[in-house]
Amino acid sequence: MGQAGNNILDCRGLAVTFGGVQALRQVDFSVEPGSITAVIGPNGAGKTTLLNVISGLVNADAGTVVFQGEDITAFPPYKRALAGAVRTFQNLEIFHNMTVLENVMTGSHRRIPYTVFDSLLKTPRYWREEKQCLQYAERELEFVGLLDKKDMPAVELPFGSQRLLELARAIASSPQLLLLDEPAAGLNIRETGDLGRTIRRIRDERGITVVLVEHDMDLVMRISDTITVLNFGEQIARGKPLEIQKNHQVIAAYLGEDDNL
């Protein structure tokens, strides 16, 4: 793997304690630009906590988060998103009272420079930028195959399509780093296959680096370049998919077998 200076994300010595339970224990975690990096581990291993620390939803008790060479450890979540680190959640966070297109437009507004003054007075600049915002949103809906559903209420989309809508909204903000928390949760085999292909296209065609927390091992092994394994808040392995599949410590963590297996 690359040197720390070449990484898009570098987390060093992350520690988080909840009510006496140590969720993360001195975790070092790095991500190379242009990669799909998965974080796996048994339930309670600290995967979502790691994602929450990176995105600013949880403050670490110790350690640093450096994104694109800048220390963002003290940044609130909105500032991290503005810097280009955007995440999705295991539980769908779409706006049910909006159309499919309007949902994605909420993501593309990060790229629009008009001011509150422009918005209130509906200046020519406001209308020009809104048109641009609409074009960004339609482009991303076409990317995930939902453009023909743009005028539907988002709540009427099938669950799998709602997952794709969430991805479209995230990439509409033009992030450099996309953090995905259990994106395959609730999907069937066909939908999971579609999701995997879309994530790869996000990396290959949009140039967006992806961090993926996921329980679906088939998906993880199929699309990941690098896998980090957590267990009881500690990193126990990091490597390519084939290396992780053969790692006795990882097998023991999942199956509870002896390390001398």
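The model is predicted: local features need pLDDT of at least 70, side-chain atom pairs count only at pLDDT 80 or more, and totals for chains, interfaces and linings use all residues. Residues are numbered from 1 along each chain as its sequence is written, and side-chain values use heavy atoms, with hydrogens and water left out.

Helices (H or I, at least four residues) and strands (E, at least two) are DSSP runs, numbered from the N terminus. Gln68 sits in the loop between strand S4 (62–67) and strand S5 (70–71). Glu182 lies in the loop between strand S7 (177–181) and helix H7 (189–206). Neither name is glycine, and the phi values are positive.

| Residue | Phi | Relative accessibility |
|---|---|---|
| Gln68 | near 50 degrees | 45% |
| Glu182 | near 50 degrees | 4% |

Buried means under 20% relative accessible area, exposed over 50%, and partly exposed in between (1.4 Å probe, protein chains only). Gln68 therefore counts as partly exposed at 45%, and Glu182 counts as buried at 4%.

Helix H6 (residues 159–172) packs with H7 at an angle of about 10 degrees, their axes 10 Å apart. Axes are lines fitted to C-alpha atoms, for helices over the stretch in contact, and angles run from 0 to 180 degrees between N-to-C directions. H6 is therefore roughly parallel to H7 (an angle under 35 degrees). The contact (heavy atoms within 4.5 Å) involves Gly160, Leu164, Leu167 and Ile171 of H6, and Glu191, Leu195, Thr198 and Ile202 of H7.

Notes:
Parallel < 35°, antiparallel > 145°, perpendicular 65-115°, else oblique.
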